[in-house]
Amino acid sequence: MKTLLTERFGLEYPVIQAPMAFAAGGALAAAASRGGALGMIGGGYGDPEWIRTQYDLAGDARVGCGFITWRLSQQPWLLDEILERKPVAVFLSFGDPAPYAEKILNNDTALVCQVQTLKDARRAVEVGADVIVAQGAEAGGHGEIRGAMALVPEISDEIARLDSNALLVAAGGISDGRGLAAARVLGAEGIVMGTRYWASREALVLPKIHQAAIAATGDETVRTRILDMVRGFEWPERYTARAHFNDFLRQWHGREDVFQNGLEQQREAWEKTQKSGDPANSAIFVGEGLGLIAEIISAEDIARIVSVQASDILAGKDAG
Ligand SMILES: Cc1cc2nc3c(=O)[nH]c(=O)nc-3n(C[C@H](O)[C@H](O)[C@H](O)COP(=O)(O)O)c2cc1C
């Protein structure tokens with residue numbers, strides 16, 4: 001499937017693998033890229049050692065790197081270090097991209113801005129983003145409340161109205177070819193997939209966590225603050241994170257006040273359970289698209305499978 005996104009980045013398929021904190025290391029990014037997509041290292045909260053190691057593991061694969069923007073402001077020098085590695089793209093999400101945009105663009109690196117509102121899409125256009133990712137609330141991990149169905153076409157119209165060359169990409173709940181076909185119809189040049197790549201052999205996820213998650217349906221995820229509270233990450237109020245609604249979240253989600261009051265105690269108990277990787281008590285960030293995933297496969301195969309199915313749908317063939 002050829003689109004402006006595949007042309008711009010020389011990809012086989014119009015797919016960007018999401019830069020997922022902790023899960024998207026060098027092996028995943030490299031496999032996604034080998035598989036014809038744009039692979040991304042999940043620079044996340046900005047652990048320099050981890051990012052260096054993962055970049056080395058990616059070898060000479062063409063990959064990009066993502067950052068949680070509000071965290072990058074605590075150590076902006078990390079961006080300079082990554083830019084020296086000549087990433088294909090820097091993917092910024094969750095915060096104002098303005099302080100970093102010029103530096104990225106002057107480095108001949110593409111700037112990808114993930115947004116959750118029309119207002120932030122305008123900001124992304126203003127700072128010169130090459131790609132704007134419209135992320136719906138179905139998405140795994142952090143995000144906001146708007147669904148992709150109206151957000152994507154609304155941002156598509158706005159990009160046209162502003163006469164911008166930014167390419168629009170859709171994210172949130174896309175795990176198979178039906179999602180990619182829908183994204184194309186809504187005006188996007190491609191998709192970002194996180195949850196589908198999280199459920200791949202190359203993702204940094206324990207097998208028992210993988211198995212517990214893919215046995216769940218799309219009903220069994222929830223947007224919550226509890227996991228940030230227990231991990232001690234001070235996320236801006238506007239963002240919550242979608243995660244598997246496991247026993248730990250069933251116990252605490254909706255009882256944030258009680259949780260906050262006993263936070264030290266909760267944290268201690270939680271940290272103990274983390275060592276065993278118990279799925280019932282772990283932070284498992286996944287989106288609604290989980291319900292469309294039946295097995296853990298290689299990341300190398302994902303973009304092709306999804307794109308072939310989408311092409312068949314768009315060509316009017318029976319893709320079932
Ligand atoms: C495990 C996981 C971790 C994520 N971490 C990040 C992150 O560190 N930075 C980021 O910009 N987005 C992150 N995301 C969100 C993705 O960028 C993307 O918007 C989302 O995965 C798309 O929706 P989907 O999961 O339904 O495919 C994460 C998503 C998941 C599933």
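In which helix is alanine 212 found? Select residues 207-214: that is helix H11, and alanine 212 is in it. Helices here are DSSP runs of H or I with at least four residues, strands are runs of E with at least two, and both are numbered from the N terminus.

Before moving on, two notes on what you are looking at. This is a predicted model, where local features need pLDDT of at least 70 and side-chain atom pairs count only at pLDDT 80 or more, while totals for chains, interfaces and linings use all residues. Residues are numbered from 1 along each chain as its sequence is written.

The cut-offs are 20 or more other C-beta atoms within 10 Å for buried, 12 or fewer for exposed, and partly exposed in between, with C-beta atoms placed from the backbone.

Next, colour by domain. Domain 1 covers 4-203 + 295-314, and domain 2 covers 207-281; such bounds come from an automatic or database domain assignment. Taken over C-alpha atoms, the two centres are 25 Å apart. Where they touch, domain 1 puts in 12 residues and domain 2 puts in 10 residues, with contact meaning C-beta atoms, placed from the backbone, within 7 Å. On the domain 1 side, strand S7 (residues 141-143) gives the most, with 3 residues.

Three strands line up as S7-S11-S10 in an open, antiparallel sheet, where pairing takes at least two DSSP bridges between strands. S7 and strand S10 (221-224) are the edges, each pairing on one side only. Zoom in on S10 and strand S11 (residues 240-244): 4 bridges join them. Pick arginine 223 and look across to its bridge partner in S11, arginine 242.

Last stop: the inside. The largest nonpolar core has 100 residues, and Ile132, Ala134, Val169 and Ile191 touch the most other members. A core here is a set of buried Ala, Val, Leu, Ile, Met, Phe, Trp, Tyr and Cys residues joined through C-beta atoms within 7 Å. Both domain 1 and domain 2 supply at least three residues each to this core. Finish on alanine 134: not counting residues up to four places away in sequence, its contacts include Val115, Leu151, Ile155 and Ala171.

Definitions and conventions:
Two residues are in contact if their C-beta atoms, placed from the backbone, lie within 7 Å.
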